[in-house]
Amino acid sequence: MKQNRMILALTYGTIALFSLISYSTQAQNSAKTLKRIIIDPGHGGTDPGANGKYSTEAAVSLAISLKLQDYFHDALPNVEVVLTRTTDVFNTVVEKADIANAAKGDLFICIHTNSADPSRNRQIIGHTKKTYTVKKKGVKRKITRVVPLYRNTYKPNTAKGTETYIYNVVKSDQRKEMADEAVDDVVEKLDSVSEKQIKEIDEADPTRSMMISLLTQQYFQRAASLALTIEEEFKAAGRLSREAKQRQKGIWVLAAVQMPAVLVETGFISNPEDEDYLNSEDGQNQICEVITKSVIRYKNSLENQLKTNAN
Ligand SMILES: [Zn+2]
């Protein structure tokens with residue numbers, strides 16, 4: 001009895017592992033290259049995002065995103081580009097993710113600007129007497145203490161440069177929920193054989209969720225490679241790069257889209273120098289050139305990967 005069960009478990013395990021391996025190879029072979037890019041200009045409408053001295057993150061992000069669309073059209077004529085907004089409107093992150101998923105994008109790029117709070121310097125400029133009321137065993141009593149007097153001075157934060165984020169690999173509950181709901185969307189992206197493979201698997205079968213997590217891992221790896229490339233290209237263009245990063249808390253919209261996703265912080269709107277750059281024609285062109293170059297490199301590497309797998 002015990003032995004039988006073990007054999008059964010072993011057989012089952014072998015089948016599951018085998019189908020997972022063959023699925024993995026097929027997913028890699030059949031995975032489409034870059035056909036559709038979703039650009040998501042950060043914030044908008046009632047949500048201006050961070051404020052500079054004279055511009056808002058929402059306006060700068062939209063201007064860069066619209067320009068980026070033109071750059072993509074010129075450099076990648078066979079790639080379709082969809083924007084989550086083209087005017088100054090507010091979309092919730094859920095709406096943004098829905099737009100991206102409905103459009104069945106292969107890549108999601110959020111455009112934002114960064115901001116850093118002014119740094120506070122606290123100085124003791126003297127002392128003063130302060131009277132407190134304390135209660136001891138029901139008896140109120142007044143005591144006087146000498147306390148320091150402070151003056152706060154604020155200096156503009158000097159933080160500047162670019163950062164590119166990918167979502168946290170620790171999946172949020174929302175992502176899990178969405179991933180389960182969107183199984184059909186996910187399998188649609190695969191070729192008919194693997195689609196059949198996934199659909200034939202019982203929902204309660206752990207293999208099914210393993211396959212979905214395999215696809216999630218693939219998105220994550222692709223997003224990470226693009227994020228690194230973008231920051232590399234920013235460096236090559238002479239920008240100060242604060243590197244590719246993973247935010248501890250995670251970024252909801254990046255985790256909710258069913259495709260590789262990155263968020264580009266194009267500069268610090270709180271830094272006067274960066275704000276001028278972000279609002280200038282030259283600055284916006286340079287940002288678009290960097291992202292376009294990176295996406296071309298990303299697309300080429302996907303195509304090379306497919307060729308290697310096919311051979
Ligand atoms: Zn933002």
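P41 stands opposite I111 in strand β3, and that pairing is a handy way into this structure, which is a predicted model. The protein has ten helices and eight strands, where helices (H or I, at least four residues) and strands (E, at least two) are DSSP runs numbered from the N terminus. Residues are numbered from 1 along each chain as its sequence is written, and side-chain values use heavy atoms, without hydrogens or water. Local features need pLDDT of at least 70 and side-chain atom pairs count only at pLDDT 80 or more, while totals for chains, interfaces and linings use all residues.

**The zinc site**

- Three residues coordinate the zinc ion at 2.1 to 2.2 Å: H43 through NE2, E57 through OE and H112 through ND1.
- Donors here are N, O and S atoms within 2.8 Å of the metal (3.2 Å for Na, K and Ca), and because water is not among the atoms, sites may look incomplete.
- Along the sequence, the donor residues follow the spacing H-x13-E-x54-H.
- E57 in helix α2 (residues 57-75) and H112 in strand β3 (residues 107-114) are 55 residues apart, so this pair links distant parts of the chain.
- E57 counts as buried because its relative accessibility is 4%; buried means under 20% relative accessible area, exposed over 50% and partly exposed in between (1.4 Å probe, protein chains only).
- H112 is buried too, with a relative accessibility of 13%.

- Eight of the eight residues of β3 are buried, so by the under 20% cut-off the strand is mostly covered.
- One side of β3 carries L107, I109, I111 and T113, the other F108, C110, H112 and N114, and the residues on both faces are all buried.
- Strand β1 (residues 36-41) runs parallel to β3 and is joined to it by five bridges; two strands pair if DSSP finds at least two bridges between them.
- β3 also pairs in the parallel sense with strand β8 (residues 261-268), over six bridges.
- In that pairing, the zinc ligand H112 stands opposite E265 in β8.

**T162 and its surroundings**

- T162 lies in strand β6 (residues 162-166) and counts as buried because its relative accessibility is 0%.
- The side chains of T162 and E231 make a polar contact at 2.8 Å. Such a contact is a pair of N or O atoms within 3.5 Å; within protein, one must be able to donate a hydrogen and the other to accept it, and residues adjacent in sequence count only if both atoms are side-chain atoms.
- Leaving aside residues up to four places away in sequence, T162 touches several others, including F234, R239, E265 and T266; contact means heavy atoms within 4.5 Å.

**Q258 in its loop**

- Q258 sits in the loop between α8 (252-256) and β8, and counts as buried because its relative accessibility is 5%.
- Q258 and N101 are 157 residues apart in sequence, yet their C-alpha atoms are 6.1 Å apart in space.

**Cysteines**

- A search of the whole structure finds zero disulfides, a disulfide being a pair of cysteine sulfur atoms within 2.5 Å.
- C110 counts as buried at 0% relative accessibility, and C288 is buried with a relative accessible area of 0%.

**The protein as a whole**

- Of the 311 residues, 44% count as buried.
- Among contacts with a separation of 6 or more, 80% come from residues 24 or more positions apart.
- The accessible surface comes to about 17,300 Å², with 53% of it belonging to carbon and sulfur atoms; areas come from the Shrake-Rupley method with a 1.4 Å probe, and for residues only the protein chains shown count as cover.
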